[in-house]
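Please open the model in your viewer and keep the selection panel at hand. The stops below are meant to be visited in order.

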Amino acid sequence: MSASLVVLIIAIAIVGWAVLGYNGLVSLRNQVQNAWRQIDVQLRRRHDLIPNLVEAVKGYMQFERDTLTQVVEARAKAISAPDQASRMAAENQLTGGLGRLLAVMENYPQLKSDQNVLKLQEELTTTENQIAFSRQAYNDSVMQLNTRIESFPTNLIANNFGFKHAEYFQGAPEDQAVPKVDLAMGGGTPPPPRA
Amino acid sequence: MAAARSDFWQLERRNRRETAMLVVVFVALFTALGLGLDFVFHDLAIVDGSLTGFPLLTLIALGFGIFQSLLSYYGGASLVLASVQARALAPDTPQHQMVLDVVREMALAARMPVPRAYLMNDPSPNAFATGRDPEHSVVCVTQGLVDTMDREEVQGVLGHEMAHVRDYDIRTMMMIAVLVAGIAMLADFVYRSMWYTGGVGGGGGRSRGGRDDDGSGGNAGALIGILVVVLAVLAPFFAQLLAMAVSREREYLADAASVEFTRNPRALLRALERIAETESPLRNASRGTAHMFIVNPLQGARDDDEGFFANLFSTHPPLGRRIERLRALLNEAGGEAPPAGAAAATPTPRR
């Protein structure tokens with residue numbers, strides 16, 4: 001094979017690799033954006049579910065006014081939040097409030113006989129899980145993208161075409177806390193959320 | 001043991017590497033047998049140091065295998081579902097609704113489209129997934145699984161099944177099946193040819209008469225002929241062993257991926273322990289479908305035997321081993337509570 005043919009083949013191989021690398025980065029970046037939106041979808045689902053749940057349990061849980069109010073208020077804050085930061089804070093508060101509500105519901109055996117309540121409880125549980133898993137999926141996508149951007153030799157392409165690192169989603173401390181259940185009968189105020 | 005120090009990402013990487021190596025050996029075996037046959041029975045030959053001729057037999061065997069697997073590739077999911085008499089899973093009871101929800105949760109964690117869910121009417125707790133790629137995937141659970149497992153365990157099981165789809169295990173095993181079928185076909189051809197030509201040396205000379213320029217060609221031909229016979233006898237056996245080894249690797253991989261999705265080794269661990277407690281085999285499973293289930297569903301194939309030979313021919317690793325690995329992952333994580341997201345049930349101490 002002549003030298004110029006060899007050079008041509010090498011050049012084509014390099015261009016081919018660059019194209020594949022670029023497309024791979026684009027794909028990962030889009031995955032990250034999609035995963036971010038997916039979190040939003042789940043959060044909105046939760047907003048929609050809460051009024052029904054509160055309505056359904058209100059009759060049985062007259063002594064849990066505080067818990068229910070906190071949930072309703074946190075939801076309102078989340079829906080009307082002006083910016084991302086306050087939105088996130090409100091959503092985390094909502095997560096905490098719902099966790100407490102679900103825990104407290106265990107104290108009311110009558111609730112278990114109400115099919116409607118059970119259905120809503122399951123919907124809420126799965127929504128909380130889906131929110132958490134979509135956050136996890138987002139972070140996994142971010143990890144994939146960041147690793148690809150940093151690895152040699154794809155980092156050459158990434159730097160040249162302006163691919164930036166993505167930010168991980170950080171949960172708030174109250175997210176990780178297992179809600180403390182106040183088992184005193186007739187309710188009592190649940191502990192305030194950890195700041 | 002290295003596994004004790006790995007997290008599930010490392011386990012996954014290791015499993016993928018090992019599968020790749022196994023597949024390479026497989027392809028090499030197939031190629032060796034095929035080309036050997038073409039050497040002896042067809043017109044493949046080495047003339048003046050370069051390879052000439054056409055590897056017809058190799059290609060025929062390959063084509064046959066590919067045709068077979070294309071049939072199962074495209075018809076696959078429906079055929080399997082029909083054979084186990086599965087029906088679509090509907091949210092008609094709270095448990096069924098829970099399973100449907102968990103399917104959705106695991107699809108989110110796996111970053112996959114949501115598979116269609118089916119139900120098998122069988123009291124033995126088991127599950128399988130099938131489908132050529134994530135867009136065309138199906139998971140199926142037994143009524144027994146729905147009845148006996150709680151939410152956390154169902155998460156573990158479904159995570160494992162969806163991992164099979166995400167990692168294209170169904171496709172991999174189909175490819176392996178092509179190679180196994182092809183090897184069997186080539187070996188079969190050797191037997192028939194030997195029967196008809198009364199030996200290998202004679203067959204070698206048949207079509208190569210015009211090419212043997214010097215006497216040394218005949219000796220090489222006989223040697224290759226003997227090698228081909230030995231290979232033909234041993235290859236199907238080794239092919240089967242390799243296929244089983246690949247299958248076991250993929251099972252371990254799916255276990256690790258289940259932990260990747262749930263971030264909770266306890267989920268699958270408890271599920272496998274619960275399955276280990278039950279004895280009953282699955283009614284509608286057959287040898288052909290057994291490999292797809294999360295635990296081997298056939299009578300007397302409980303995956304409990306940990307002996308070397310019992311293991312070699314098994315599609316699944318021993319349950320005890322799988323449980324051990326999961327326990328190691330759990331200890332690695334410090335046995336701590338899973339992240340808030342995995343709130344499997346309502347947040348009470350009982351999960």
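In which sense do β4(B) and β6(B) pair, and over how many bridges? In this predicted model they pair in the parallel sense, over 5 bridges, where two strands are taken to pair if DSSP finds at least two bridges between them, and where helices (H or I, at least four residues) and strands (E, at least two) are DSSP runs numbered from the N terminus.

Before you select anything further, note that residues are numbered from 1 along each chain as its sequence is written, while chains are lettered from A and ligands numbered from 1 in the order in which they are written. Because the model is predicted, local features need pLDDT of at least 70 and side-chain atom pairs count only at pLDDT 80 or more, whereas totals for chains, interfaces and linings use all residues.

**The sheet of chain B**

Select β3, β4, β5 and β6 of chain B, which form an open sheet of 4 strands in the order β3-β4-β6-β5, with mixed pairing. At the edges stand β3 (87–88) and β5 (127–130), each with a single partner strand, so one side of each is left without a neighbour in the sheet. Strands of a sheet pair through backbone hydrogen bonds, either parallel or antiparallel. The antiparallel sense is found between β3(B) and β4 (residues 116–120) of chain B, over 2 bridges; here B:Ala88 stands opposite B:Tyr118, and B:Arg87 stands opposite B:Leu119. Keep B:Tyr118 selected and turn to β6(B), where its bridge partner is B:Cys140.

**A loop in chain B**

Move on to B:Tyr168, which lies in the loop between α5 and α6 (169–197) of chain B and has a phi near 55°, a positive value in a residue other than glycine. Most residues other than glycine have a negative phi, and most peptide bonds are trans.

Now select α1 (residues 3–58) and α2 (residues 65–80) of chain A, whose axes come within 11 Å and cross at roughly 160°; axes are lines fitted to C-alpha atoms, for helices over the stretch in contact, and angles run from 0 to 180 degrees between N-to-C directions. The two helices are therefore roughly antiparallel to each other, a term used for angles over 145 degrees. To see the contact (C-beta atoms, placed from the backbone, within 7 Å), display A:His47, A:Ile50, A:Val54 and A:Lys58 in α1(A), which meet residues of α2(A) including A:Leu68, A:Val71 and A:Arg75.

Further along chain A, select the peptide bond from A:Phe152 to A:Pro153, which is cis, with omega near 0°; A:Pro153 is found in the loop between α5 (115–150) and α6 (154–160) of chain A.

Finally, colour both chains by pLDDT, the predictor's confidence in each residue, from 0 to 100. Chain A averages 82, with 87% of the residues scoring at least 70, and chain B averages 78, with 81% of the residues scoring at least 70. The value stays under 50 over residues 174–195 of chain A, for which the model has 33 contacts beyond four places in sequence, and also over residues 200–216 of chain B, with 26 such contacts. The model scores ipTM 0.77 and pTM 0.78.

How values were computed. Contact = placed C-beta atoms within 7 Å. Parallel < 35°, antiparallel > 145°, perpendicular 65-115°, else oblique.
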